[in-house]
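Visitor: Could you walk me through this model and tell me what stands behind each label?

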Amino acid sequence: MAVTFNKRDPVYVQVIRHFKEQIATGNLEAGQEIPSRRELANKLKINPNTAQRAYKEMEEEGLIFTEGNNPSKITKDEKVIGNVRDELILEAVNSFVDAIRPINVPLDEVVGLIKEKYTDKDGK
Amino acid sequence: MIEVKEITKKFGLKQVLKGVSFTANKGEITCLIGINGVGKTTIMNAIMNLTPINSGEILIDGEKLRKESYEKITFIPDAITMLPQMTIGDAMQFMKDFYKSWNQKRAAELLSFFKLKEDERISNLSKGNTAKVNLLLGLGLDVDYLLMDEPFSGIDIFSREQIADVFTSHLVEDRGVIITTHEINDIEHLIDKVVILDNGVVVKSFNAEGVRENEGKSVVDVMREVYKQ
């Protein structure tokens, strides 16, 4: 689990994003145990308080849950997991649209290019 | 909590500290940053009562500094204070004999964490390993607060990474840490609180996550702004 953090976004937000990506791609499955706060801090080389903050937010968002003193787990709520996926897709599309719009390319041309590039494994 | 309140210090005619105030909480890493010569080490020495202050006050957990305070705090200077002919094991034994709060179990864990050997002589250690031994001797004590003067200074990148790893591990646990540094770049993600010093005063103090969240700035961005003025 190696994550490259940028220096200008809150680290806890970047940690949550990392978890969302792992959930959306299925690398983290519903109900799967996740590392303790301390383990996470150590793995990602971040401040333990930041790891704590990320877990607290994820708990509030319903992405993870903790029963008693057991390790925290990924939510089993399929709806929440579906939302995470939708959110990431929408975010990626939005940033693409923001980048392409100023270039004034006709939509058909963009769609054509996307179709062409998307199936191209190298993405070149 | 360590509370530093309006402390001043004059060396001869030079007013090094002109009323410095900040707090450092338990369970947090507080970083005193400033270019060289702004009085970072003087502040550390003041907390340890190695340099008496001219005015102001320093409180540990709400109490004025007294002899017992130093059972709660340890100071890790930027140079090793053990004799060069000692081995790492000798130095650890010295700490064990000398300090009631020495935790041999944690010290042994640190030894393997840093991949150091007990029979190595202090005089033969590289700069990076000297810094690690220094840290080991300080972290091996069961104290609530750790003061570290320039733990990342003048050592290679891999040693820096290893030392940084300690901060995210259980070896620091919930202790309060104050570190001084002028190289913040590779430890931005590790620290809770930043206190920027310049010209004998605190120019800015803030929470590192807070400044990223509210202003979209890195700690280095803020430093740059401060020193540009």
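Predicted model: local features only at pLDDT ≥ 70, side-chain atom pairs only at ≥ 80, totals over all residues.

Visitor: What makes the size of chain B agree with a compact globule?

Guide: The rule takes 2.2 Å times the number of residues to the power 0.38. For 229 residues a compact globule would have a radius of gyration near 17 Å, and chain B has 18 Å, so the two agree. The box filled by its C-alpha atoms is roughly 50 × 40 × 30 Å along the principal axes.

Visitor: Which share of chain B is called buried, and why?

Guide: Buried residues are 36% of the 229 in chain B. They get that name because each has 20 or more other C-beta atoms within 10 Å of its own.

Visitor: How many helices and strands does chain B have?

Guide: There are 7 helices and 10 strands in chain B. Of the chain B contacts with a separation of 6 or more, 72% join residues 24 or more positions apart.

Visitor: Where does the name "ABC transporter" come from?

Guide: From UniProt: an unreviewed entry annotates residues 2-224 of chain B as "domain: ABC transporter". That stretch is 30% helix and 28% strand, with its end C-alpha atoms 27 Å apart.

Visitor: What makes a residue pair between chain B and chain A a contact, and how many residues take part?

Guide: The C-beta atoms of a pair must lie within 7 Å. The contact takes 18 residues from chain B and 16 from chain A. On the chain B side, α5 (157-168) and α6 (208-215) are the elements giving two or more residues. By class, that side has 4 nonpolar, 6 polar and 8 charged residues.

Methods
Residues numbered from 1 in each chain as written. Chains lettered and ligands numbered in written order. Helix = DSSP H or I, 4+ residues; strand = E, 2+ residues; numbered from the N terminus. Buried ≥ 20, exposed ≤ 12 C-beta atoms within 10 Å, placed from the backbone. Contact = placed C-beta atoms within 7 Å. UniProt positions renumbered as here; feature names shortened; annotations may be inferred. Nonpolar A, V, L, I, M, F, W, Y, C, P; charged D, E, K, R; others polar.
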